[in-house]
Amino acid sequence: MTTAALRVPTVQDYARRYPGVPHEVILKEDLLRLGIRFTPAAMEAARGCRTQAYYLFSYNISSHADMGEGVSTAAPEDLILHGGPYGLKRTRVRAVLNHESPYVVDVIDGRITILEHGAPVAEATYPTKPAYYGRTFPDGLHYEQVIPLLYDSYAFITTFRACHYWGDKEECRFCDINYNLRELRKLTGDHVTADAIKDKGRLVEVLGAMAEEPDPSKRMLTILMTGGSIVRSVKGGADNATDFNLPYVEAIRERLGRRIPIVMITESQPIENVRRFRDAGVTSHNANLEVWDKRLFQIIAPGKEKYIGYDTWVRRLVEAVAVMGEGGVSPNMVSGVEMAKPWGFDTVKEAVASAQEGFEYLMERGVVPHLDTWCVEPGTTLAGHPPVPLDFLIQADLAWYETWRKYKLPPFAGYGPVGGGPGVAVYGNTGSVDLGG
Ligand code: SF4
């Protein structure tokens with residue numbers, strides 16, 4: 001009997017511990033926390049798919065060098081899980097690359113299959129390219145280098161791909177934005193670009209092409225705009241995230257009208273600037289809080305604490321609801337960073353209780369935080385940290401969902417459907433969106 005046959009697959013084991021939690025949620029969270037690796041056959045099958053486009057952070061557990069030549073630039077950006085021994089409904093998940101993961105993507109009997117320790121747990125489909133991928137500007141720059149499409153749904157725009165929070169005393173401890181930009185400059189590939197600042201004219205041209213996508217399954221649902229924090233003048237121009245981003249918003253609205261939502265993700269802004277965003281056509285403003293516990297926020301996001309401070313950050317989130325509406329204020333929470341050693345909570349119970357306290361406080365006031373499972377990235381001060389316990393991720397997802405239902409809140413706007421159960425959501429960064437139904 002093989003080792004694979006002796007092991008109880010994680011999905012099965014945790015489905016027994018958490019009856020009522022869909023298999024899809026368990027597998028998705030395990031893939032997000034542990035990553036996956038691809039066999040040569042699975043990489044071969046990925047030729048021509050929508051590949052990783054490096055939209056802001058590395059979002060991988062292994063470094064580019066550790067994964068082997070070309071893997072990090074040729075692997076699919078995300079996957080659709082389905083079928084397999086648990087009859088999974090179509091569930092989107094980000095492809096987190098980890099060359100030491102127990103999860104492997106292989107091709108078995110002609111089907112792309114995910115195996116855990118050699119045992120099949122799901123089938124997968126790779127994303128195919130939308131029509132605008134491969135188009136080029138006269139200098140050869142590909143359209144997808146300007147704006148990648150994530151989950152077949154999000155136009156993901158990094159207007160400023162660096163962060164002015166710099167070094168150990170300012171950079172968020174889970175974040176590799178500045179490291180990643182340095183690494184990108186060493187890579188080559190059609191879809192890789194390391195420009196720190198997006199060209200407005202090109203950005204609008206690509207969005208125009210995206211708006212003409214003929215395949216409804218690849219239609220952009222939303223425009224997500226994000227970047228690193230800005231605390232001083234960028235190339236002699238704007239010295240804050242509002243003034244820096246507003247010209248982009250105005251140009252997008254001029255080209256596309258109001259049809260598509262714009263989610264603007266910046267560091268916390270004064271409320272008058274949130275109003276300016278709204279008036280220009282931004283439909284959501286998300287100032288990512290990252291972690292609820294105040295002491296942990298101060299340690300884990302030292303730049304945010306230094307330039308703005310926890311109390312101001314939380315107060316502005318609540319104030320922004322009156323400007324953007326419920327669902328229009330959705331700070332990201334890095335799910336699991338509550339347990340980051342040596343500062344975090346020691347037990348799952350304490351960590352979940354803290355996360356839940358945050359959900360309760362924020363949702364009661366109309367703020368709808370959203371979760372992104374912590375990916376322990378190689379270029380961060382937390383590189384090499386052990387994975388977050390799966391129990392935490394499942395319990396935090398449940399706490400998020402139950403609190404969201406309790407306050408009868410809308411989905412966090414612009415990220416697609418939430419709460420419809422497996423097979424409905426498109427957001428691939430957390431299992432919390434696949435609960436319900
Ligand atoms: S504010 Fe923190 S999370 Fe955001 S880009 Fe800067 S270092 Fe990264």
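## Basis of the description

Two strands are treated as paired if DSSP finds at least two bridges between them. Helices (H or I, at least four residues) and strands (E, at least two) are DSSP runs, numbered from the N terminus.

The model is predicted: local features need pLDDT of at least 70, side-chain atom pairs count only at pLDDT 80 or more, and totals for chains, interfaces and linings use all residues. Residue numbers start from 1 along each chain as its sequence is written.

## The open sheet

In strand β10, Met264 stands opposite His285 of β11. Strand β10 (residues 262-265) and β11 run parallel and are joined by three bridges. Both belong to an open sheet of five strands with mixed pairing, in the order β7-β8-β9-β10-β11. The edges are formed by β7 (149-150) and β11 (284-286); each has a single partner strand, so one side of each is left without a neighbour in the sheet.

## Helix packing

Helix α10 (residues 271-280) packs against helix α13 (residues 310-324) at an angle of about 30°, with their axes 10 Å apart. Axes are lines fitted to C-alpha atoms, for helices over the stretch in contact, and angles run from 0 to 180 degrees between N-to-C directions. From α10, the contact (C-beta atoms, placed from the backbone, within 7 Å) involves Ile271, Val274, Arg275 and Arg278; from α13, Arg316, Glu319, Ala320, Val323 and Met324 take part.

## Ligand surroundings

Around the ligand (C-beta atom, placed from the backbone, within 6 Å) are Cys163, Tyr165, Glu171, Cys172, Cys175, Ile177, Gly228, Ser229, Glu267, Ala301 and Gly303.

Methods
Contact = placed C-beta atoms within 7 Å.
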